[in-house]
Amino acid sequence: MQSYLETAVAALVAAAVALFLVEVVHRLTRRFGRRSLLLTELTEHAHRPFQVAGTVLAVQFAVRLTTGYAVGESWRRLLLHLLILGVIATLAWLVACLLVVVEDTALARFRVDVPDNRHARRVRTQVVMLRRLTIAVIVILTVGVMLMTFPSVRGIGAGVLTSAGVVGVVAALAAQSLLGNVFAGLQLAFSDAVRLDDVVVVEGEWGRVEELTLSYVVVQIWDDRRLILPTSYFTSTPFQNWTRTEAAVLGTAEFDVDWAVPVQIMREELRRLVEGTELWDGRVCVLQVTDATGGTVRLRALVSAADAGSLWD
């Protein structure tokens, strides 16, 4: 009974010491990192996983060192195994949080609420895709490492590795569509064909790219509907991207009028209208005769705007 009590006390003391040290590091980092965005984000988002990981690791060491009297006992093996699984899981949580903090810090340098945000949207698209891929890889590796702590899994490891080639081929054939979408998502992110907040026309619908994942793309249509398409659609089907090179776009309006209508006066009126609104970016304002058949004259007004939303208005 005395030994069990000592183990429990040692575990509690180790947890308290770990929490104290983590809190000291947290306060020092918050105090000296006020001018650093990275350190500020670390103190805010990595504090809790750091606490849990440090506590579980300290308790694991304490239990291992103070249970020498129970070597060979099943309860000691089970407890240590559970603690090891906890250490692996919490360390993976901590690593994921650290990577997310680094990615958020990188994203903070690129603002998308400015008129010329093409480069910022490109970086944001790539970072978001890398974040999803990073978290998926961390989860897969964590589960794999946790499974390898079980002796039965390690025992069948050789057989699994021997047949890995055949299984890989079968899995690739079974998941051909899924893998195709994943690779298409990576291709979209790094080929700069489409980015978050791009204005696109797909399936006859005009909208903005709201979400871009490894498997599908969400396009927010102008009437607030969502068009969800597989990423492979954008690598195999032609589509219009109005903001690939810049946000500024051109738009037209056509009029069928009587041949006696004074075109020059209409040009002057068009100029007066666009100069009286903040929607016009000052680049293009043209009125031209494009056709004259059947007793009517067709006029085309061509104007420019800083972005697609302003052009539509």
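These are my notebook entries on a predicted model of one protein chain.

**Overall make-up**

I began with the secondary structure and found 12 helices and eight strands in the chain. I then looked up burial: of the 313 residues, 33% are buried. The accessible surface comes to about 19,200 Å², and carbon and sulfur atoms account for 64% of that area. Among contacts between residues at least 6 apart, 63% join residues at least 24 apart.

**Annotated spans**

I turned to the UniProt record, an unreviewed entry, which annotates residues 6–29, 78–102, 130–150 and 156–175 as "transmembrane region". I looked at two of these spans in the model. Residues 6–29 are 100% helix and 0% strand, with end C-alpha atoms 34 Å apart. Residues 130–150 are 90% helix and 0% strand, and their end C-alpha atoms lie 31 Å apart.

**A nonpolar patch**

Next I looked for nonpolar side chains on the surface. I noted a patch formed by Leu5, Val9, Val13, Val17, Phe20, Leu21, Val24, Leu28 and Phe32, with about 860 Å² of accessible area together. I picked out Phe20, which sits in helix H1 (residues 2–32). Is Phe20 buried or exposed? Phe20 counts as exposed because its relative accessibility is 55%, and the cut-off for exposed is over 50%.

**Cysteines**

How many disulfides does the structure hold? I found zero. Cys97 has a relative accessible area of 16%, so it is buried. Cys285 also counts as buried, at 13% relative accessibility.

**Salt bridges**

I counted eight salt bridges and went through several of them.

Arg272 pairs with Glu269, their closest N and O atoms being 2.6 Å apart. Both residues lie in helix H11 (residues 263–275), three residues apart, which is about one turn of the helix. Glu269 is partly exposed, at 35% relative accessible area.

Asp223 forms a salt bridge with Arg225, with 2.8 Å between the closest N and O atoms. Asp223 is partly exposed at 33% relative accessibility, and Arg225 is partly exposed at 43%.

Which parts of the chain does the pair of Arg298 and Asp256 link? I first noted that this salt bridge has its closest N and O atoms 2.9 Å apart. The pair links distant parts of the chain, with Arg298 in strand S8 (residues 296–305) and Asp256 in strand S6 (residues 249–258), 42 residues apart. Arg298 is partly exposed, with a relative accessible area of 32%.

Note on methods:
Residues numbered from 1 in each chain as written. Predicted model: local features only at pLDDT ≥ 70, side-chain atom pairs only at ≥ 80, totals over all residues. Heavy atoms only, no water. UniProt positions renumbered as here; feature names shortened; annotations may be inferred. Helix = DSSP H or I, 4+ residues; strand = E, 2+ residues; numbered from the N terminus. Patch = residues over 30% accessible without salt bridge, like charges linked within 9 Å, V, L, I, M, F, W, Y side chains within 5 Å. Areas by Shrake-Rupley, 256 points an atom, 1.4 Å probe, with all protein chains shown as cover. Salt bridge = Lys/Arg side-chain N within 4 Å of Asp/Glu carboxyl O. Buried < 20%, exposed > 50% of the residue type's maximum accessible area, 1.4 Å probe, protein only. Contact = heavy atoms within 4.5 Å. Disulfide = S-S within 2.5 Å.
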